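Me: I have a new structure to read. Could you walk me through it, feature by feature?

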Amino acid sequence: MEIVKYEGYNLDDLIARAREEYGKDVKIISYEVVTEGIIPFRRKRYSLFVQVPTAEEGFFDLLAKEEKSEEIDHFLERIEEMIDKKIAPLKEALTKRCESEPLESGGAPVALGEGIPFEEEFKEFTGDALDLIRLLIKKDVDPKVAKTLVKESCGFDIDANKFDLNTSFFREALTNAIEKRIKFKGPLKLQKGTFRVIAFVGPTGVGKTTNLFKIASELVLNQKLKIAAISIDTFKVGAIQQARSFSNILNIPFFAISDSKNLKKTIQNLQGYDVVLIDTVGRSHYDYWRLGEMKEILGGNSDFMDVILVISCNYKNSEALEIVNRYRTFFPIDSIFFTKIDETYKPGILLNLPMKADIPVSFISIGQKVPEDIRVLNPERMAKYILGEI
Ligand SMILES: Nc1nc2c(ncn2[C@@H]2O[C@H](COP(=O)(O)OP(=O)(O)OP(=O)(O)O)[C@@H](O)[C@H]2O)c(=O)[nH]1
Ligand SMILES: [Mg+2]
């Protein structure tokens, strides 16, 4: 992968240049802004970073431009042949497995993506360990993640010459493994007189506003802390009213702010508070332009600011990982806050995301009710959600 940097005074022109040179689907990674000169001659200078397509991506750009040629047709034929060759063993393995073991028997048909039969992929395991792996995969846990976690709770069975669980309880085995492999932030440890800012970021509609006020309720009602709320979501119709009415119920001050200068000033004026919670506008992780704007507004407070990324358990695993990876190029993510666990029976994302992204987890939202539908995540609770015990 190669990253190319464009510099200039107009971001739109830079993007246009990148697209002209590398095709319209060129991947824009991020941009930086520096203000140059003195008043009244100040102007913004932009650095735009784009990921240059590999040779294959270049080929697809050609196709996009419809510059098809005989050479391309020939290339496509070759790709088809290669795909057929690649999936032939997979098809064979799948057919054999379907014949020998119907799906109802509880077996996972084929390990994801690799085309390797289940027994082959997990041949080093036996007994309960294999059953737990099967169960995890059914819950949408990535096979590699399942393997890594289960191994953490295994001992070596000398007779079978394979790994098996060192306890007969799935929950205990999974809890122990999660404890070793996933970092947990635990309950918010905020003290009176220690100023802290917490910003909630994430895609649209994941539950940022609702859950920010669940946290606010806990801090105000149970921990008796002095809280203020700020919304920088001046974009969505009704967003300010939603946040303001939650603030009124809790009787905490609320500010709607749309630029970094005012945010900085407001945060300075709130230094006498214990915690300031910032609600942000939901942004698609592909909308690098708006994410950049949000970074500019939030920026500069990071020494006392934690950024919590809110992710819905409804997301597909690959999509969630992409969201985390894109957001983390803009913000230092302090923890992941999962929501909408009540809307899925396959919550593998709870394990896949923190394991693959290596980011700690903090809370889980279990429904729409404010303030009660929220829990602090810990290894045992996570294991129970995965196993469907709560
Ligand atoms: N079922 C369920 N719904 C939830 C949960 N958390 C939030 N919601 C609902 O999801 C919807 C969107 O919640 P918001 O808090 O407005 O989401 P947001 O991320 O602030 O949305 P934007 O500001 O538009 O980006 C609301 O109807 C919430 O009640 C949850 O854990 N489970
Ligand atoms: Mg919102």
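Reply: We will take the sheets, then the helix pairs, then the ligand. Keep in mind that this is a predicted model.

Me: Let us begin with the three-stranded sheet. In what order do the strands lie, and how do they pair?

Reply: The order is S1-S3-S2, in an open sheet with antiparallel pairing.

Me: Which strands are at the edges?

Reply: An edge strand pairs on one side only; here these are S1 (2-8) and S2 (27-36). Direction ignored, neighbouring strands of this sheet are turned by 20 degrees against each other on average.

Me: How many bridges join S2 to S3?

Reply: Nine, and the two strands run antiparallel. S3 covers residues 43-52. For one position to look at, take Val 34, which stands opposite Arg 45 in S3.

Me: Which helix packs on this sheet?

Reply: Helix H1, residues 11-22, packs there. H1 touches S1, S2 and S3. Its direction makes about 25 degrees with that of S3.

Me: Now the eight-stranded sheet. What is its strand order?

Reply: Read S8-S7-S9-S6-S10-S11-S12-S13. This sheet is open too, but its pairing is mixed. The edges are S8 (254-256) and S13 (374-376). From one strand to the next, the twist averages 25 degrees.

Me: In which sense do S7 and S9 pair?

Reply: They pair in the parallel sense, over five bridges. S7 is residues 227-231 and S9 is residues 275-279. Look for Ile 230: its bridge partner in S9 is Ile 278.

Me: Which strands does H12 touch?

Reply: H12 packs on this sheet and touches S6 (196-201), S10 (305-312) and S11 (333-339). The direction of H12 makes about 160 degrees with that of S10.

Me: Next, helix against helix. What describes two packed helices?

Reply: Two things do: the angle between their axes and the distance between the axes.

Me: Which residues make the contact?

Reply: H12 brings Asn 317, Ala 320, Leu 321 and Val 324. H13 brings Ile 349, Asn 352, Leu 353, Lys 356 and Ala 357. By type, the contact of H12 with H13 has six nonpolar residues, two polar and one charged.

Me: At what angle do H7 and H14 cross?

Reply: Roughly 125 degrees, with the axes coming within 8 Å. H7 is residues 170-181 and H14 is residues 379-387. That angle makes H7 oblique to H14. H7 passes H14 in a right-handed crossing.

Me: Which residues meet there?

Reply: Among them are Phe 170, Leu 174 and Ile 178 in H7, and Met 382, Ala 383 and Leu 387 in H14. The contact of H7 with H14 divides into eight nonpolar, one polar and four charged residues.

Me: Last, the ligand. Which residues come nearest to ligand 1?

Reply: Of the 21 residues around ligand 1, the nearest are Gly 207, Thr 209, Thr 210, Gly 282 and Ser 365.

Me: Which helix gives the largest share of that shell?

Reply: Helix H8, residues 208-222, gives four residues. Sorted by type, the shell around ligand 1 has three nonpolar residues, eleven polar and seven charged.

Notes
Residues are numbered from 1 along each chain as its sequence is written. Chains are lettered from A and ligands numbered from 1 in the order in which they are written. This is a predicted model: local features need pLDDT of at least 70, side-chain atom pairs count only at pLDDT 80 or more; totals for chains, interfaces and linings use all residues. A residue is near a molecule or strand if its C-beta atom, placed from the backbone, lies within 6 Å of it. Ala, Val, Leu, Ile, Met, Phe, Trp, Tyr, Cys and Pro count as nonpolar, Asp, Glu, Lys and Arg as charged, and the others, Gly among them, as polar. Two residues are in contact if their C-beta atoms, placed from the backbone, lie within 7 Å. Two strands pair if DSSP finds at least two bridges between them. Axes are lines fitted to C-alpha atoms, for helices over the stretch in contact, and angles run from 0 to 180 degrees between N-to-C directions. Angles under 35 degrees count as roughly parallel, over 145 as roughly antiparallel, 65 to 115 as roughly perpendicular and the rest as oblique. A crossing is left-handed if the near helix is turned anticlockwise from the far one by less than a right angle, and right-handed if clockwise.
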